[in-house]
Amino acid sequence: MNTDVVIAALKQVIADRNKPKDLIHYSDRGVQHLYILYTDKMTEFSIIASVGTTGDLYDNALAETGNGLYKAEMIKYLKEQ
């Protein structure tokens, strides 16, 4: 994933949600989210950046684990069909 892709996704969300106010963007510290162009675009739309540290409430490891388990179960289910 490169910066152009995430900037395009950010613009799409802003357009789809009709420029929401008080928007907080949670990131997992991926390099594409830390580029100057991306942070400039967030500033342009008054988006607040929130980057968590490992083990705090903003850590997305639990969500990613849940998603991974769900996908694994779905694959197993679909193979049995």
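Q: What is the relative accessible area of Tyr77?
A: This is a predicted model, in which local features need pLDDT of at least 70, side-chain atom pairs count only at pLDDT 80 or more, and totals for chains, interfaces and linings use all residues. Residues are numbered from 1 along each chain as its sequence is written, and side-chain values use heavy atoms, with hydrogens and water left out. Buried means under 20% relative accessible area, exposed over 50%, and partly exposed in between (1.4 Å probe, protein chains only). Tyr77, found in helix H4 (residues 61–80), is therefore partly exposed, its relative accessible area being 43%.

Q: About how much area does the nonpolar surface patch with Tyr77 have?
A: Patches are made of residues with over 30% relative accessible area and no salt bridge, like charges being joined within 9 Å and nonpolar side chains (Val, Leu, Ile, Met, Phe, Trp, Tyr) within 5 Å. Accessible areas come from the Shrake-Rupley method with a 1.4 Å probe, and for residues only the protein chains shown count as cover. Tyr77 makes this patch together with Tyr70, Met74 and Leu78, with an area of about 430 Å².

Q: In what order do the elements of the protein chain run?
A: Helices (H or I, at least four residues) and strands (E, at least two) are DSSP runs, numbered from the N terminus. The protein chain has four helices and two strands. From the N terminus on, the order is α-β-α-α-β-α.

Q: What is the C-alpha to C-alpha distance between Ala49 and His25?
A: Ala49 has its place in strand S2 (residues 48–51) and counts as exposed because its relative accessibility is 54%. Leaving out residues up to four places away in sequence, Ala49 is in contact (heavy atoms within 4.5 Å) with His25 and Met42. Although 24 residues separate Ala49 and His25 in sequence, their C-alpha atoms are apart by 5.0 Å.

Q: What arc do the buried residues of H3 cover around the axis?
A: The buried residues of H3 are Tyr38, Lys41 and Met42. They lie on the same side of H3, because the arc that they cover around the axis is only 100°. The arc is that of the directions from the helix axis to the C-beta atoms.

Q: Which residue forms a salt bridge with Lys41?
A: A salt bridge is a side-chain nitrogen of Lys or Arg within 4 Å of a carboxyl oxygen of Asp or Glu, and by this rule the count comes to one. Lys41 is buried, because its relative accessible area is 16%. With the closest N and O atoms 3.1 Å apart, the partner of Lys41 is Glu44.
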